[in-house]
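Subject: Structure handover

Hi,

Here is the structure you will be working with. Please open it alongside this email, then read on for what turned up.

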Amino acid sequence: KQREDTDIRSVVIFRIGKEWLALPTGTVDEIADQRSIHSLPHRQSKIVLGLANVRGELLICVSLGELLGVELASSKQRAGHRSYPRLLVIRSDEGRLALPVDEVHGAHRFHSRELQPPPETVARANPTYTEAVLRWNDRVVGCLDGALLSYALGRSLA
């Protein structure tokens, strides 16, 4: 008998700026087309961008790039590569939130043994939301800790 391999994980891979990141699939509710984001009055936070209408529901848009300190992409596109900005709608402790991203690859399944610890430079960052890195299509993808990210996003909304 072959032993059933039950240590399979699934993530949604996306890009912000030049960084490829991943969130656990269970964290992501849906991937929506980019929408207009309407600013909130009297809100000075760079993390909270405003509100977006996703299927008739007003969702708070949060800049994950700002929270993580990721350098945002320039308006130039790579030759021969076209990207489509999207909104990742995630479920957090505060409810559903929308995260604008530059590109979404989609769901990716892998075995947990493929995960590697983050490099020392990332591990020493304060605070760090990257729990591991994953090799995918000749790229290194930072796998984010969904629970820690949800907590940090909730704090940024307060």
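Two strands count as paired if DSSP finds at least two bridges between them. Strand S5 (residues 57–62) and strand S7 (residues 95–101) have two bridges and run in the parallel sense. Isoleucine 60 has leucine 97 in S7 as its bridge partner. Keep in mind throughout that this is a predicted model.

**Overall make-up**

The protein chain has three helices and 10 strands. Along the sequence they follow the pattern β-β-β-β-β-α-β-β-β-α-β-β-α. Of the 158 residues in the protein chain, 42% are buried. The accessible surface is about 10,000 Å². Carbon and sulfur atoms account for 46% of that surface. Contacts between residues at least 6 apart in sequence were also examined: 56% of them join residues at least 24 apart.

**The sheet with S5 and S7**

S5 and S7 sit in an open sheet of five strands, in the order S3-S6-S7-S5-S4. Its pairing is mixed. The edges are strand S3 (28–33) and strand S4 (48–54), each pairing on one side only. From one strand to the next, the twist averages 35°.

**The sheet with S1 and S2**

Another open sheet of five strands has the order S8-S1-S2-S10-S9. Here too the pairing is mixed. Strand S8 (103–111) and S9 are the edge strands, and each pairs on one side only. Neighbouring strands of this sheet are turned by 35° against each other on average, direction ignored. Inside this sheet, strand S1 (residues 8–16) and S2 run antiparallel, joined by six bridges. Valine 11 has proline 24 in S2 as its bridge partner.

**The aromatic pair**

How many aromatic pairs does a search of the whole structure find? It finds one. The partners are tryptophan 20 and tryptophan 136, in a tilted arrangement. Their rings are 5.3 Å apart centre to centre, with 55° between the planes. Tryptophan 20 lies in strand S2 (residues 19–24) and tryptophan 136 in strand S9 (residues 130–136), so the pair ties together parts that are 116 residues apart in sequence.

Best wishes

Technical notes:
Residues numbered from 1 in each chain as written. Predicted model: local features only at pLDDT ≥ 70, side-chain atom pairs only at ≥ 80, totals over all residues. Heavy atoms only, no water. Helix = DSSP H or I, 4+ residues; strand = E, 2+ residues; numbered from the N terminus. Axes fitted to C-alpha atoms, helices over the stretch in contact; angles between N-to-C directions. Buried < 20%, exposed > 50% of the residue type's maximum accessible area, 1.4 Å probe, protein only. Contact = heavy atoms within 4.5 Å. Areas by Shrake-Rupley, 256 points an atom, 1.4 Å probe, with all protein chains shown as cover. Phe/Tyr/Trp six-rings, centres within 6.5 Å; stacked < 30°, edge-to-face > 60°.
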